[in-house]
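Here is a short note to read beside the model.

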Amino acid sequence: MTKVITPKEALKAKLEAIPDFVIEAFNTIIVRNLDAHGKSSFKLHEVVELILNSSSKDNGFSIEEIFANKWLDVEKIYREGGWKVEYDQPGYNEEYDAYYTFSEKSL
């Protein structure tokens, strides 16, 4: 008999489904934008572009697939890795580029 998946198991499975090239893209962007205070801020489109460039070599994923699969929802993974992660996107009647900010949890 199949058992019901727990919330913890579901989250773990979801996080494990994020392809390595997505994590590699985030790692690259974090390092590229890291300042002397251990803080890294970058726009969503920067990481999407890097993912598309890296994925096209192996799998050829589209931007629609990236968003449909929620591969950009990496906050939990990086928080578990010791980062404080903030994601900001425009609200209703606001216009600016969505962006991430990664910093040490102690900051």
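1. Burial first. A residue is buried under 20% relative accessible area, exposed over 50%, and partly exposed in between, with a 1.4 Å probe and protein chains only. S103 counts as buried because its relative accessibility is 6%.

2. The ground rules. This is a predicted model, where local features need pLDDT of at least 70 and side-chain atom pairs count only at pLDDT 80 or more, while totals for chains, interfaces and linings use all residues. Residues are numbered from 1 along each chain as its sequence is written, and side-chain values use heavy atoms, leaving out hydrogens and water.

3. Around S103. S103 sits in strand 3 (residues 99–104); strands are DSSP runs of E, at least two residues, and helices runs of H or I, at least four, numbered from the N terminus. Leaving aside residues up to four places away in sequence, S103 touches G38, K39, G82, W83 and K84. Contact means heavy atoms within 4.5 Å.

4. Aromatic pairs. The structure has 11. Rings of Phe, Tyr and Trp (its six-membered ring) pair with centres within 6.5 Å; planes under 30 degrees apart are stacked, over 60 edge-to-face, the rest tilted. F21 and W71 are edge-to-face, at 6.0 Å centre to centre and 90° between the planes. F21 is in helix 2 (residues 20–33) and W71 in the loop between helix 4 (63–68) and helix 5 (75–80), 50 residues apart. F21 is buried at 9%, and W71 is buried at 7%.

5. A stacked pair. F42 and F102 lie 5.6 Å centre to centre, with 15° between the planes. F42 is in strand 1 (residues 40–43) and F102 in strand 3, so the pair ties together parts 60 residues apart in sequence. F42 is buried at 2% relative accessibility, F102 at 0%.

6. The cluster. F26, F42, Y78, W83, Y87, Y100 and F102 form one aromatic cluster.
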